[in-house]
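Subject: Structure handover

Hi,

Here is the structure I promised you. Please open it alongside this email; my notes follow below.

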Amino acid sequence: MISNILKIERECLGTVAEVLSQNCAAKKILYVTDSVVDELYGNSVRKQIESIGEIEKEFVVCNSISYSMKLAERIIASDIDCIVGMGGGKVLDVCKYASYISKKPMLSIPTTAANDGLVSPIAVLKQEDGRPKSLGCMIPAMILIDIDVIRKCPLELIKAGIGDTISNYMALIDWKLASERGKEQMNGYAYLMSQNALDVLMKTKFDSICPEFIDVLIKSLVLSGIAMDFTGNSRPVSGSEHLFSHALDYYSEKKNLHGIQVALGTVAVLKLIGHDYSEVLNYLRKFKVDINPQKLGIDKDTFIFCMQHATSMRKNRYTYLHEIRLEEGKLSVLYDQLVEELMEDKQ
Ligand SMILES: [Zn+2]
């Protein structure tokens with residue numbers, strides 16, 4: 001039986017062998033990563049795996065459902081005992097699902113903190129038509145998060161992680177509405193956990209992206225993941241702002257980071273429903289998380305179209321966008337206001 005191991009520390013990448021040997025009697029280990037991450041940290045991790053067992057390697061080439069299934073097949077067919085996945089969201093989601101299908105434990109080593117998929121029971125993989133699908137799986141049995149590894153990832157990815165946590169703000173407002181309207185079930189524990197994830201980050205005393213702040217951000221992303229584990233889906237951390245982001249992923253030519261899109265969605269929908277958004281906006285400004293749609297390459301037509309089509313992105317998710325009229329004129333004014341308000345000189 002593998003216990004749930006969660007380590008969030010500075011310089012803990014050197015404890016891979018220790019974590020594996022203490023928690024999983026693996027003889028054959030599949031090391032999964034990509035070439036960029038392997039170049040950075042592979043040497044140390046591969047050596048540690050080799051010190052306790054036989055290693056097989058896989059460099060992830062895509063994040064489709066079929067690729068992840070093939071990986072699971074390889075794990076089963078070649079009697080792999082354990083998977084060590086190291087990298088960003090794509091690598092980890094492929095591993096998470098392969099681990100779930102093959103029923104073999106996974107040690108997850110995230111190298112970025114760009115979203116709350118870090119420790120969630122959900123893998124987002126591509127279907128044959130290229131559309132992403134959220135697949136229920138399990139939180140990895142062992143998770144090792146080295147703060148010093150995360151702080152070396154591109155700053156934009158950390159900012160995206162901030163954005164994804166901030167989106168809990170809107171997600172919880174939507175969830176409350178859905179529950180009041182009798183459209184969705186409320187889970188008090190998951191709600192509390194998601195609120196806690198948000199509070200941990202918003203009330204932090206740190207005002208710059210220092211290692212101590214990254215530690216707080218990671219803990220907050222992990223709490224969001226645990227909130228999802230309570231419900232088995234993304235409801236506690238995903239509302240109208242995520243639906244808007246899904247629409248952008250599907251319809252917009254310009255691709256932006258998930259966390260940035262959902263932060264934009266949060267401010268946009270809060271404005272739309274007449275809710276106070278100053279706390280959220282000031283927080284994003286403090287950490288220079290730029291969500292100006294114009295600067296993100298989202299033109300007015302795309303913005304309007306994606307707002308209007310957001311509710312069609314996911315069935316069984318009720319939000320404020322289902323209740324308000326989304327006329328073109330109103331959304332056009334909203335876009336102009338956002339661009340104006342988020343101009344650089346006001347940041
Ligand atoms: Zn998200």
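Predicted model: local features only at pLDDT ≥ 70, side-chain atom pairs only at ≥ 80, totals over all residues.

D79 is in the loop between α3 (65-77) and β4. Most residues other than glycine have a negative phi. D79 is not a glycine, yet its phi is positive, about 50°. Is D79 buried or exposed? D79 is exposed, because 9 other C-beta atoms lie within 10 Å, and the cut-off for exposed is 12 or fewer.

K288 is another case to look at. Its phi is near 55°, again positive in a residue other than glycine. K288 lies in the loop between α12 (278-286) and α13 (300-309). K288 counts as exposed, because it has 12 C-beta neighbours inside 10 Å.

Now zoom in on one strand pair. β5 (residues 106-110) and β8 (residues 142-146) run parallel and are joined by two bridges. S108 stands opposite I143 in β8.

Helix α2 (residues 35-52) deserves a look too. Where does α2 bend? The bend is at Y41, by about 75°. Y41 is also one of the buried residues of α2, along with V37, V45, Q48 and I49. An α-helix has 3.6 residues a turn, so residues three or four places apart point the same way. The cover over the buried residues of α2 includes α1 (16-23), β2 (28-33), β3 (54-59), β4 (82-87) and α5 (147-150).

Last, a helix pair. α6 (residues 155-166) and α9 (residues 211-231) pack at about 45°, with their axes 10 Å apart. That angle makes α6 oblique to α9. Their crossing is left-handed. On the α6 side, the contact is made by I158, G161, I162 and T165. On the α9 side, I214, L217, S220, L221 and S224 make the contact.

Best wishes

Conventions
Residues numbered from 1 in each chain as written. Bend = angle between axes of the 7 residues up to and from the residue. Helix = DSSP H or I, 4+ residues; strand = E, 2+ residues; numbered from the N terminus. Buried ≥ 20, exposed ≤ 12 C-beta atoms within 10 Å, placed from the backbone. Contact = placed C-beta atoms within 7 Å. Pairing = 2+ DSSP bridges. Axes fitted to C-alpha atoms, helices over the stretch in contact; angles between N-to-C directions. Parallel < 35°, antiparallel > 145°, perpendicular 65-115°, else oblique. Left-handed = near helix turned anticlockwise from the far one by under 90°.
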